[in-house]
Amino acid sequence: MGAAERLRRTWHVLWDGSPPEPPEDEPSEVVDPRAVDLVLRVGELLLASGETTERVNEAMLGLAVAYELPRCEVQVTLTSILVSAHPGKGAPPVTGSRAIRRRTPAYWRLTGLHALVQEASIGMLELDEAHKQLAEMKRGRGPYPPWLIVASLGLIAASASVLSGGGPLVAGTAFVATLLGDRTAAALARRGIAEFFQLTVAAAIGAAGAAIVVAAGNPQHASTIVTGAILALLPGRPLVASIQDGITGDLVSAAARGLEVFFMIAAIVAGLGAVVYIAVNLNVPIDVSHLPTAPVTLKPVQLMAAAAVSVTFAVSLAAPRDVLLASALGGALIWTIYVLLRGWNVPPVLASAMAAIVVGVLANWLARRHGAPVMPYVVPAIGPLLPGTALYRGMVELNTGSPQSGVLSLIGALSVALALGAGVNLGGELVRAFQRVGLTAGGRWARPAARRTRGF
């Protein structure tokens with residue numbers, strides 16, 4: 001209270017004799033429950049569609065500010081989200097939460113959700129209209145028919161087999177083995193079998209196809225078949241998201257996603273190991289000498305196969321159609337850079353990381369230029385370098401009397417996978433360092449955790 005106001009009240013008391021009425025408390029800020037519901041639903045759909053924790057958090061806070069939720073706090077983990085608004089003046093907080101029970105990659109939804117958040121953040125979208133758009137997105141259908149999504153997994157395997165040096169017959173075998181594994185896993189899912197065992201069975205069917213080829217007298221084609229089948233199962237999407245969550249300080253989500261990646265890779269390794277062990281004990285002549293190194297060349301066939309791997313990955317993730325061309329170029333580019341670096345005797349892990357950094361920079365720049373999320377550009381692009389061959393080599397070595405070499409091969413495969421994830425995220429950090437606006441006009445200033453200990 002100012003001195004003039006105190007003097008006025010004192011003068012009033014002296015001359016009036018009656019005490020002044022106490023000032024009324026200012027009314028507390030009103031919390032619109034529809035705004036809380038919108039923030040929760042947008043965050044839920046973003047997280048379920050494959051977005052990273054930081055982007056979900058940023059989008060939810062942007063909506064909270066846009067629709068004037070007072071002193072809003074947001075917590076996002078891999079399986080739940082929470083929003084709490086504090087009206088003040090002793091009024092109880094308004095809190096809501098939602099559990100993420102199902103996470104299905106639908107990258108086409110990410111584009112629409114990012115557009116909704118951006119429009120709301122600049123005041124161009126009323127709350128009722130935002131709810132209407134969100135309902136349309138939830139009811140909307142993806143850009144591809146379901147049969148194409150299923151077939152895309154087989155096409156990933158076929159393209160990866162060609163990239164590894166296989167021909168049309170090998171590509172066809174990988175396609176059939178992958179589809180059979182995927183449909184078997186889907187049947188197990190409908191019966192409530194855990195995802196770990198679904199992946200184990202799918203990987204085992206792919207490896208069984210390779211074992212049958214070896215038993216038929218064509219051992220040189222085995223590795224290319226199983227490489228394709230494994231590549232279609234490798235967790236590229238959660239790997240990129242887990243590393244980004246860890247880098248940006250969302251350690252709980254990073255640990256959960258990292259554990260998810262670990263169990264997915266463990267399931268694939270278990271399926272491979274079981275089939276290779278059974279085949280060796282049945283005297284199928286599986287040997288390390290039958291594992292030729294994938295041709296690291298820039299021949300047109302390899303470039304086209306790398307581009308096809310990325311495009312089919314994008315289709316399997318239900319990415320928007322307008323990113324397919326960028327996915328193809330990204331796959332060809334990351335393969336070209338990797339081959340050039342390997343030609344200069346750069347180790348595979350470092351070559352993978354450097355290629356991923358370049359692709360990460362370009363993908364983040366392109367996403368920012370189009371005002372779109374970056375995940376549909378980044379994740380498909382790293383597909384050609386995912387370590388399917390190294391995983392198969394490791395399991396063969398473990399089961400044919402070379403356990404030390406097998407462990408080293410598995411460690412090398414994991415190192416390449418981590419290098420890819422870290423590389424594309426480093427590319428994003430380089431772009432972020434020089435950008436001023438982000439998803440909700442926050443840009444480089446929208447990450448307080450980055451200044452927690454060093455930024456003061």
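Q: Which residues does UniProt list for "transmembrane region"?
A: Numbering runs from 1 along each chain as its sequence is written. The model is predicted, so local features need pLDDT of at least 70 and side-chain atom pairs pLDDT 80 or more, while totals for chains, interfaces and linings use all residues; side-chain values use heavy atoms, without hydrogens and water. UniProt positions follow the numbering used here, with shortened feature names, and annotations may be inferred rather than shown by experiment. The unreviewed entry lists 144–163, 196–216, 261–280, 300–318, 323–341, 347–367, 374–395 and 407–426.

Q: How far apart are the end C-alpha atoms of residues 261–280?
A: Helices (H or I, at least four residues) and strands (E, at least two) are DSSP runs, numbered from the N terminus. Residues 261–280 are 100% helix and 0% strand. Their end C-alpha atoms are separated by 28 Å.

Q: What is the end-to-end C-alpha distance over residues 323–341?
A: This span is 95% helix and 0% strand. Its end C-alpha atoms lie apart by 27 Å.

Q: Is P87 buried or exposed?
A: P87 sits in the loop between β2 (80–85) and β3 (94–99). P87 and L69 are 18 residues apart in sequence, yet 8.2 Å apart C-alpha to C-alpha. Buried means under 20% relative accessible area, exposed over 50%, partly exposed in between (1.4 Å probe, protein chains only). With a relative accessible area of 7%, P87 is buried.

Q: Which residues does R34 pair with in salt bridges?
A: A salt bridge is a side-chain nitrogen of Lys or Arg within 4 Å of a carboxyl oxygen of Asp or Glu. R34 meets one partner at 3.2 Å, N to O, and another at 2.4 Å. The second pair spans 94 residues, from helix α2 to helix α5 (residues 127–139). The partners are D32 and D128.

Q: Which helices does the R257–D245 salt bridge tie together?
A: The side chains of R257 and D245 meet at 2.6 Å, N to O. Both are buried. R257 lies in residues 251–281 and D245 in residues 236–247, so the pair ties together parts 12 residues apart in sequence, helices α11 and α10.

Q: Which residues form the nonpolar patch on the surface?
A: Patches use residues with over 30% relative accessible area and no salt bridge, joining like charges within 9 Å and nonpolar side chains (Val, Leu, Ile, Met, Phe, Trp, Tyr) within 5 Å. Areas come from the Shrake-Rupley method with a 1.4 Å probe; for residues, only the protein chains shown count as cover. Helix α17 (residues 403–432) gives the most, three residues. With about 350 Å² of accessible area together, the patch holds L398, V407, L408 and I411.

Q: What is the relative accessibility of I411?
A: I411 is placed in helix α17. I411 counts as partly exposed because its relative accessibility is 46%.
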